[in-house]
Amino acid sequence: MLPYSVLNLKDIVVICQEYGIQKPKSFSLLTGGSENTNYLIATSEEKFVLTICEQKTEQSARELAFLLEHLKANEFKSSKLIRTKNNAPISRWKGKPVMLKMYLEGSITKTLPAHILETIGVHMGRLHQIKAPDYLPKELNYGIASFDEVEHYASGSPFSLWLNEIQNYVQPFLSENLPKSLIHSDIFYSNVVVSVDGKSASIMDFEEAAYYYRIFDLGMTLVGLGCEAQTLHLGKAKALLKGYQKEIVLSALEKCSLQAFTVYAAAAMTFWRHRNFNHINRNPKMLDHYLELKFVADNVMHMPTQDFAEILN
């Protein structure tokens with residue numbers, strides 16, 4: 001995906017000066033991210049990630065910066081925020097919010113082994129025990145409360161009918177008795193950095209963090225890390241849940257709801273892709289990008305309950 005903001009060396013130097021960083025040795029555009037432009041900056045001693053927030057308000061960028069500091073204060077390993085020389089959490093570039101973070105050494109790998117999936121599960125369990133800051137949203141901007149938006153741009157379409165079917169399936173499981181917590185809500189392989197030695201991993205990119213059902217976070221992570229050939233891989237799902245339940249034991253209600261929330265998570269991301277690439281930022285090359293996760297949602301929804309329950313054993 002093309003960057004929104006194209007920076008040259010002079011631009012990089014000017015921005016870095018606000019953070020007290022002198023003489024960057026090199027810089028390069030990082031791939032990934034649909035709402036930000038990210039550059040890797042290297043000095044002779046350290047590496048940083050410079051993020052230009054293309055679609056965030058200054059307030060939302062500040063809140064994300066505060067969240068990263070909140071995670072660090074609670075000993076949760078993720079991207080470390082760097083403040084400016086004036087101790088500001090963000091700076092600005094041509095009217096856009098800018099954040100600078102330490103670069104997480106490691107690699108992004110599409111297929112994760114069982115021990116890394118278990119580690120991610122442990123991290124999620126710890127994340128869900130951190131007090132959620134008051135400024136976190138209480139709904140997801142691509143969650144079920146927003147599904148009706150499809151009627152504004154694709155009313156009566158096959159996708160609209162499918163999304164309505166999903167909504168009817170999920171709605172009975174949206175119980176106020178389900179625990180809510182600080183969640184990441186977007187743990188796909190692109191947001192997991194595996195350490196250089198391959199023994200551990202870190203979760204990054206808290207752009208979509210919210211105070212929401214923690215079972216939704218598990219469902220989304222099963223979709224993001226536990227699927228192969230557009231269906232849930234039971235072994236991967238088991239490894240993730242094994243790690244999670246070292247920190248948090250799922251309630252009976254959560255166990256009964258996990259399949260529906262996995263469908264919900266896949267459908268929510270399907271909706272985001274459909275809305276974004278077919279309407280908001282229409283991209284002819286990405287019009288069908290939503291179909292992969294639509295198939296995942298359908299496959300999980302039609303999986304026999306007793307088969308799905310195997311991941312909890």
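1. Basis. The model is predicted, so local features need pLDDT of at least 70 and side-chain atom pairs count only at pLDDT 80 or more, while totals for chains, interfaces and linings use all residues. Residues are numbered from 1 along each chain as its sequence is written, and side-chain values use heavy atoms, with hydrogens and water left out. Helices (H or I, at least four residues) and strands (E, at least two) are DSSP runs, numbered from the N terminus.

2. Aromatic pairs. Rings of Phe, Tyr and Trp (its six-membered ring) pair if their centres lie within 6.5 Å; planes under 30 degrees apart count as stacked, over 60 as edge-to-face and the rest as tilted. By this rule there are 13 aromatic pairs. In one of them, Phe-76 and Phe-206, the ring centres are 6.0 Å apart and the planes stand at 90°, so the pair is edge-to-face. Phe-76 sits in the loop between helix H2 (58–73) and strand E4 (81–82). Phe-206 sits in the loop between strand E9 (201–203) and strand E10 (210–213), 130 residues apart from Phe-76. Both residues are buried (under 20% relative accessible area; exposed is over 50%, partly exposed in between; 1.4 Å probe, protein chains only).

3. A second ring pair. Phe-147 and Tyr-264 have ring centres 6.3 Å apart and planes at 85°, so this pair is edge-to-face. Phe-147 is in the loop between helix H3 (114–127) and helix H4 (150–153), and Tyr-264 is in helix H8 (residues 252–280), so the pair ties together parts 117 residues apart in sequence. Phe-147 and Tyr-264 are both buried.

4. Ring cluster. Ring pairs join Phe-147, Tyr-212, Tyr-213, Phe-216, Phe-261, Tyr-264 and Phe-271 into a cluster. Lys-180 places its charged end over the ring of Tyr-213, 4.8 Å from the ring centre. The criterion is NZ of Lys or CZ of Arg within 6 Å of the ring centre and within 35 degrees of the ring normal.

5. H5 against H9. The axes of helix H5 (residues 158–170) and helix H9 (residues 291–301) come within 12 Å and cross at roughly 40°. Axes are lines fitted to C-alpha atoms, for helices over the stretch in contact; angles run from 0 to 180 degrees between N-to-C directions. H5 and H9 are therefore oblique to each other (under 35 degrees is roughly parallel, over 145 roughly antiparallel, 65 to 115 roughly perpendicular, the rest oblique). Their crossing is left-handed (near helix turned anticlockwise from the far one by less than a right angle; right-handed if clockwise). Trp-162, Glu-165, Ile-166 and Tyr-169 of H5 meet Lys-294, Ala-297, Asp-298 and Met-301 of H9. Contact means heavy atoms within 4.5 Å.

6. H3 against H6. H3 packs on helix H6 (residues 214–225) at about 160°, with the axes 12 Å apart. The two are therefore roughly antiparallel. The crossing is right-handed. Leu-117, Ile-120, Met-124 and Leu-127 in H3 meet Asp-217, Leu-218, Thr-221 and Leu-225 in H6.

7. Thr-262. This residue lies in helix H8. At 1% relative accessibility, Thr-262 counts as buried. Neighbours within four places in sequence aside, Thr-262 contacts Gly-219, Leu-222, Val-223, Val-300 and Phe-308.

8. Positive phi. Asn-87 is not a glycine, yet has a positive phi of about 65°. Asn-87 lies in the loop between E4 and strand E5 (91–93) and counts as exposed at 52% relative accessibility. Ala-229 has a positive phi near 50°. Ala-229 lies in the loop between strand E11 (227–228) and strand E12 (231–232) and is exposed, with a relative accessible area of 77%.
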